[in-house]
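Have a look at the structure first.

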Amino acid sequence: MNMRIIGADELVFGVDDLNACKQYLRDFGLEESGEGRFEALDGTALTVRAKDDPSLPAPLPTATMLRQTVWGVEDAATIDAIEAELSKDRDVVRDTSGRICCRDDLGFEIAFQVTTRKEMDLPPELINSPGAAPGRPANVVGANEDAEAKPRTLSHVVYFVPDMDKGANFYIDRLGFVVTDKFANTGPFLRPQANDDHHVLFMIQTPEYMQGLEHVAFHMQGPTELMLAGSRMVKKGYESFWGPGRHKFGSNWFWYFNSPLGTHVEYDADMDKHDGDWIHREEPMSKESAQMFLFENVAKWAPTGGPPDKS
C-alpha cells in the first residue's frame, strides 16, 4: 500500500466567536493570510469561519467546532491511490483543485491534497552540553526574552472518539498509518508513511457525545521557544490547561492552552523520530505514563528571601 501521507495541512473550524478566535490565533503566533486562515512558518494552518458559513462541511452531532481535517500528501499519485481505495465503500468527491473529500469511519470530515507545505531551512535550538562540542559559540547568549517564537509546522491532531479501534483501523488498514505507541483502553499514536514524527494523529476513547477534536499541536524550534511562547500567552491572559512538561510517549515537550475554538491548542517541541524498525510500546493510561514530568507556571521570583509565591 503506497499511501504517502505527510500529516495535517489544515484544520477547518466553524466557531461561535469569530473575532475572539482570530485574536487568539494571532496571539498564539500564527500569521493571518486572509479568509480566516492562520499559518505556521511552513504554511500549515488553522482556518476559522463563522459556524453558519455555508461553505463549511456539515458538523458532527456534538459540540465540537472542528469541521474538517485536510491531510497533505506527497504527490498526485497518492491522491489517486487514496481515491481508489476509499471509493470502494463511500462517496469521495474531487474538486477542481484536485483535492478529494469524504468522511472517515467515525464520521469525521476529511480531505486529501498534494501538500502546500513550504520547505524550511531554519536553525535548531542550540545548547551547550558538557563533554560535547559547544552547540552555541562563545559570546552567543541562549536566553533572549525578545526572541521571536513562531510555530514552525502543524504537528499533530488528537480526536475524542467513541470507538478507538474502529477509528484507528480506518487509518491503519485503508491509509497505511502505523501504531508507534498505545495507551491501553485509551487509544493509539499513529504515524503516516511520509512522516517520521512519533505521531501526527492520536485517539482518545470517550463517550459518543464527546466526539470531536481534543487538541491540535504545533512544533516549536525547541523547549526554550516553547517556554517563551507559552509565557507570553499567560501574560496575555490566556488560561494554561496542561504544562509545561514533557511527555513519555513521543518525548515531546508540551504546553496546552484553552481556546475559543472549542479545543485545546498545544505548543510542542523535540518529538521522537521513528522508522519501520520501531516496535510500539503499550501501557495503561495514568498520570505517570502521560508525562515524565510536569511543571507549574508561577509569577517570576528572585532569591531575596522566602520561597516563590504559588498562590
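D270 sits in the loop that links β16 (264-269) and β17 (281-284). This is a predicted model, and in it D270 has a positive phi of about 60 degrees, even though D270 isn't a glycine. Most residues other than glycine have a negative phi. D270 is partly exposed, at 44% relative accessible area.

## The strand β16 itself

Now step back into β16. Here 6 of its 6 residues are buried. In a regular strand, side chains alternate between the two faces of the sheet. Both faces of β16 are covered: on one side you'll find H264, E266 and D268 buried, and on the other V265, Y267 and A269 are buried too.

## Who pairs with β16

Strand β13 (residues 212-219) runs parallel to β16, and the two pair over 5 bridges. H215, for instance, has H264 of β16 as its bridge partner.

β15 also pairs with β16, this time antiparallel and through 5 bridges. Here Y256 is bridged to E266 of β16. The β15 and β16 hairpin has 6 residues between its strands, and G262 takes a positive phi near 75 degrees there.

## Around β14

Strand β14 (residues 240-246) contains P244, and a cis peptide bond joins G243 to P244, with omega about 5 degrees. Most peptide bonds are trans.

S251 isn't a glycine, yet has a positive phi of about 65 degrees. Buried or exposed? S251 counts as buried, because its relative accessibility is 17% and the cut-off for buried is under 20%.

How values were computed: Residues are numbered from 1 along each chain as its sequence is written. This is a predicted model: local features need pLDDT of at least 70, side-chain atom pairs count only at pLDDT 80 or more; totals for chains, interfaces and linings use all residues. Side-chain values use heavy atoms; hydrogens and water are left out. Helices (H or I, at least four residues) and strands (E, at least two) are DSSP runs, numbered from the N terminus. Buried means under 20% relative accessible area, exposed over 50%, partly exposed in between (1.4 Å probe, protein chains only). Two strands pair if DSSP finds at least two bridges between them.
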